[in-house]
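Reader: I'm new to this one. Can you walk me through it?
Author: Here is the structure, and then we can go piece by piece.

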Amino acid sequence: MSEHRLDDGAIATGVPKIHFDDVRIGFGKGAKRKEVLDGVSFDVRSGEFVSVLGPSGCGKSTLLTLAAGFAKADAGSVEIDGSPVVGPHHDRGVVFQQYAIFPWLTVRKNIAFGLTLRANRHNKADINAATDRYIDLMGLRGFEDALPKTLSGGMRQRVAIARAYATNPSVLLMDEPFAALDAQTREFMQELLHEANLEEQRSAMFITHSVEEAIFLSSRIVVLSNRPTRVHEILDVPVPMPRTAESRTSPEFIELRRHLEEVMRSMSSFTHGGTP
Amino acid sequence: MSKIWGRILWPLAGFGSFVLVWYLVAVSGVMPPGQLPRPDEVVGTLATQFRDDDLLLDVRLSVLRVLIGVAVGCSLALPVGFLLAWYTPLRQMFDPLFSFFRALPPIALIPLVIIYLGIGEQARLFILIYAAFFASVVVIYEGIASTDEIYVRAARSMGASEMELFRRVIVPLAVPQVLVAVRVAVGVCWATLVAAELIAAQRGLGASIQDAANFFQIEMVYGGVVLIGLSALVMDRLLAVVMKRAVRWQDRVGG
């Protein structure tokens, strides 16, 4: 559990954690065909937290679906740790936008679920230790025996994040996990996730349409264009780590936010005001 | 306190007011004499029948027939339901066919059943099993097929094998749906019971209603109807309790 993520093999050989190379995908056939991803390329390097920001409908969640192995690209390649993605695998921890924790299991059993699968081969002591660790990390102590139906949306996503960490994945894939939460809970969850990941040092790809969220959490931001989607720009986030609530008012943060909001606005006016 | 009211006293008040209206109509003389017995006369007849004519045997036989029908019908429906839920082409192939058989009233099959199975116990059980199977199989596969893909994806992303996926995700998700199906089957089987017992049954609640009607024993006809209703109600309530316990994790529980 305590292996050092930053000096594993990947960084020494320079192999990116996630590698998207000229990824193309579209829906429909013939004249009705719509290109969604039109040659998207970027990397998530070891230890990086990368947000993918883009206008709605640009296919940013599709990128996550491809990385998770739930779908296949029409062309181009998606690689995790240098190997092409062929399907879902426990080397990738996935957190979904919908509350995907199992409603029939308690918080503890949800977090332990992945660890008890044969693919992960853990003994009972390991399972308990890891489960306890992530219960504490996500602030779920005292709720171990609660059923999901008794939890708020924010608490449910904490369980989902703890569950994703627990199987010790090589990368975390998160698909707008806080989109359904109210503004206040959302900011709190961003801070909780940021702190947790500073401790865990996992590489992560985080899908969002919130500029604020992308800046707060990420070391780099990939901005996608409107459909047919390409990478519009890739930006380093100059806001120093660790980030706190105060970081949101730092000059770097505000400057980057202004720029990104401008970019997002120009894209949405293109969508709404442009030719059909 | 309000729990007792909600669970026991209000339902009792519902039955009480129904019996009261029944009583008032019966004594008012609106109905021609001899056509509507008073509730107490019906209860009296039932008491005599239980004592002199072993009415309990009829109740037991009917309950047993319904239980066998539900047990066998649902046991057959379970694997078929899972298969149809899992393999979309299979479902597309059989869904219209199963809907056809489900829509077919079991009573319409009685002449055929008599031709092939005669008028023995097998014929009655066949009708009940048929009714339970088609009532429950559709509920099972529609329920399972509509389970949220997100849980399957979540389990796969954690490394679940096909077997683990089935055992630890599909089955728990299916439990509420299967219980709903059993409950539907119980309802349909009780509704079909009288038809099944029309096939030359000597005993059973359906048979005793039929006998009583043949001899114009109107009190006993009412008594039989009341007993069928009561037996079905008790079974349904018991199932509702089982459901509540088995699917405590659900946000909403019918019952």
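**Strands, helices and chain contacts**

Author: Strand E1 (residues 18-27) of chain A pairs with E2(A) in the antiparallel sense over 8 bridges. Strands count as paired if DSSP finds at least two bridges between them. Helices (H or I, at least four residues) and strands (E, at least two) are DSSP runs, numbered from the N terminus. This is a predicted model, in which local features need pLDDT of at least 70, side-chain atom pairs count only at pLDDT 80 or more, and totals for chains, interfaces and linings use all residues. Residues are numbered from 1 along each chain as its sequence is written, while chains are lettered from A and ligands numbered from 1 in the order in which they are written.

Reader: Which residue stands opposite Asp43(A) in E2(A)?
Author: His19(A) does.

Reader: What order do the strands of that open sheet come in?
Author: The order is E2-E1-E4-E5 in chain A, 4 strands with antiparallel pairing. Strand E2 (34-44) and strand E5 (83-84) of chain A are at the edges and have a single partner strand each, so one side of each has no neighbour in the sheet.

Reader: What about Asp22(A), where is that?
Author: Asp22(A) is in strand E1 of chain A. Its phi is positive, about 50°, although Asp22(A) is not a glycine. Most residues other than glycine have a negative phi, and most peptide bonds are trans.

Reader: Is Asp22(A) buried, exposed or partly exposed?
Author: Asp22(A) is partly exposed, with 13 other C-beta atoms within 10 Å. A residue is buried if 20 or more other C-beta atoms lie within 10 Å of its own, exposed if 12 or fewer, and partly exposed in between, with C-beta atoms placed from the backbone.

Reader: Where are the cis peptide bonds you'd point to in chain A?
Author: One runs from Arg227(A) to Pro228(A), with omega near -10°. Pro228(A) is in the loop between strand E9 (220-224) and strand E10 (231-236) of chain A. Another joins Met241(A) and Pro242(A), with omega about -10°, and Pro242(A) lies in the loop between E10 and helix H8 (251-273) of chain A.

Reader: Switching to chain B. How many helices and strands?
Author: Chain B has 10 helices and 0 strands. Its C-alpha atoms fill a box of roughly 75 × 55 × 30 Å, taken along the principal axes. Of the 255 residues of chain B, 33% count as buried.

Reader: What does UniProt say about chain B?
Author: An unreviewed UniProt entry annotates "transmembrane region" at several spans of chain B, including residues 12-31 and 63-87. UniProt positions are given in the numbering used here, feature names are shortened, and annotations may be inferred rather than shown by experiment. In the model, residues 12-31 of chain B are 85% helix and 0% strand, with end C-alpha atoms 26 Å apart. Residues 63-87 of chain B are 96% helix and 0% strand, and the end C-alpha atoms lie 36 Å apart.

Reader: Where do the two chains meet?
Author: 22 residues of chain A are in contact with 15 residues of chain B. Contact means that the C-beta atoms of two residues, placed from the backbone, lie within 7 Å.

Reader: What do the buried residues of H7(B) pack against?
Author: They pack against helix H2 (60-68) and strand E6 (92-95) of chain A, together with helix H8 (162-197) of chain B. H7(B) covers residues 149-157, and its buried residues are Tyr151(B), Ala154(B), Ala155(B), Arg156(B) and Ser157(B). After H7(B) comes Gly159(B), with a positive phi near 100°.

Reader: How confident is the predictor about chain A?
Author: The mean pLDDT of chain A is 88, and 92% of its residues reach 70 or more. pLDDT is the predictor's confidence in each residue, from 0 to 100. Over residues 1-12 of chain A pLDDT stays under 50.
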